[in-house]
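Here is a friendly briefing on a ligand site and a pocket. Have a look at the model first, then read on.

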Amino acid sequence: MDSFIIRGGRPLRGTVRINGAKNACLPLMAAALLTDQPVTLRGVPALSDVRSMERLLATLGCELSAQGTTRTLRGTDDSKNTADYDLMRTMRAGICTLGPLVAARGTATVSMPGGCAIGDRPVDLHLRGLRALGAEISLDAGYITATAPADNGGRLRGGHVFLGGPNGSTALGTANVMSAAALATGTTVIECAACEPEIEDVGRLLIAMGAKITGLGSPRVTIEGVDALGGATHDVIPDRIEAGTYVMAAAITGGDVVLENFPTVTLGAALDRLNEVGVTVRPEGANAAPGGFIPGMTDTVRVHAARRFNPVQVVTQPHPGFPTDLQAQMMALLTVADGNAIITEKIFPDRFLHVAELLRMGADITRVGPSAMITGVRELVGAPVMCSDLRASAGLVIAGLAAKGTTTLNRVYHLDRGYEKMEVTLQALGADIERVKEN
Ligand code: EPZ
């Protein structure tokens, strides 16, 4: 298990290009199961989760060809319809093969995805949605089997589905049900659909494959099923979480960083909170021309950070609210703000494993239920810390970049799931960070 050694205190300077979004890419790849024609994705990030999904799709009869950041997937063997535990336990997104498999192949058996350090991750909404499309679902020995109704020629049938749970909609659940409904007979209406940009992106690929979908990005999505889907070529949207992470890394070091391929339009809530903190993200180059800036998906921006940060209140919410996947990074930033900040986690109320590690670095944080009060300290101090999950680890990197002394971050394989060569990107910006490989 590799570690990062970070000697903090260096302002980041330079330019970073944001990669394709992991959380779009994984369900986009699963959508290739809906057709026997080639599906080409451009801008696929080099991440361990993407490699896990490639392995999973290979066991489900998909051939893969890769060139640079382009991947072409083609379902060539539709007799394979079991997703094994060994592949599913490392990556929850494997669950979004269930909808495409049952829709395209009539039946599918998929292992329940593995547990995760950020709290309970139920799949009841995914199953509710597929049942509403007529799938018969059974659970046995940790596997979910879904079968399309025989009295409908082995095809799912359109239905009315409400996908709201106690903490709002479900991102991957919406991708699953929308993908399945694309090949169902009749019309499906998803109410309380996830509005996350990554799910909208999945919808755009499905439309390019021939699906009939309206309402993408809104809480009501309507899908008129078609008999078959074809191949398509699709550009993956930039990763808003990677983008937000580098904004905060630049800010906490008092750096001067330009970010290219920056999806400003997807980051409204995060940029609003950052603005209150004293961190602004302004358009650069052609975008910066007078006449008003219209936030886009692939902007070039520059990060400006005040010398002192204001404490703010942050509540994580479904999109377009503040993303839970930036909560740990925001907390790291607020550890050095001038006063008391409060973060409330409304998506995954137990997603606070980074708190104990930040305390080891001298932060002052009190957790009460789903909230944490962060009292700003003058400076953080380096310490050995442990990565527990992907975004908690990103928060610890941000803290380490600002801390006095050396931070050793153990188990960085969590980071490799969602950030492409993070240490190389940060080195290029002048950070003193190295990866130590363990034999
Ligand atoms: C996606 O997970 C992302 N993962 C997560 O990112 C992200 O944190 C999450 O959406 C929320 O935005 C991928 O896209 C691969 P949900 P997902 O279903 O879809 C509850 C990262 O760090 N729920 O939208 O699995 C659930 O417990 C990862 O990149 C049910 O109750 O999340 C949560 O409270 C971590 N029943 C809420 O809904 C269900 O059947 C939202 O979860 C499903 C979910």
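Which residues lie nearest the centre of the second largest pocket? They are Ala306, Arg307, Arg308, Phe309 and Val336, from a lining of 17 residues. This is a predicted model, in which local features need pLDDT of at least 70 and side-chain atom pairs pLDDT 80 or more, while totals for chains, interfaces and linings use all residues. Residues are numbered from 1 along each chain as its sequence is written, and side-chain values use heavy atoms, leaving out hydrogens and water.

**The second largest pocket**
- About 420 Å³ of space lies in this pocket.
- Strand S17 (299–305) and helix H8 (240–252) each give two or more residues to the lining, and S17 gives the most, with 3.
- By class, the lining has 9 nonpolar, 3 polar and 5 charged residues.

**Around the ligand**
- The ligand is surrounded by 24 residues (each with a heavy atom within 4 Å), and Leu125, Thr170, Ala171, Asp325 and Ile347 are the closest.
- The shell has 10 nonpolar, 6 polar and 8 charged residues.
- Helix H5 (124–132) is among the helices that supply at least two shell residues, and the largest share, 3 residues, comes from H5.

**Ligand oxygens and cover**
- A side-chain N or O atom of threonine 170 is 2.6 Å from an oxygen atom of the ligand.
- Alanine 171 brings a backbone N or O atom to 2.7 Å from a ligand oxygen, and arginine 391 has a polar side-chain atom 2.7 Å from a ligand oxygen.
- On its own the ligand has 820 Å² of accessible area (Shrake-Rupley method, 1.4 Å probe), and the protein covers 92% of that area.

Notes
Polar contact = N/O pair within 3.5 Å; in protein donor to acceptor, adjacent residues only side chain to side chain. Helix = DSSP H or I, 4+ residues; strand = E, 2+ residues; numbered from the N terminus. Nonpolar A, V, L, I, M, F, W, Y, C, P; charged D, E, K, R; others polar. 1 Å grid on protein atoms, 1.4 Å probe; cavity = no way out; pocket = protein on both sides within 12 Å on 5 of 7 lines; lining within 4 Å. Points joined across faces, edges and corners; volume = space filled by probe spheres on them.
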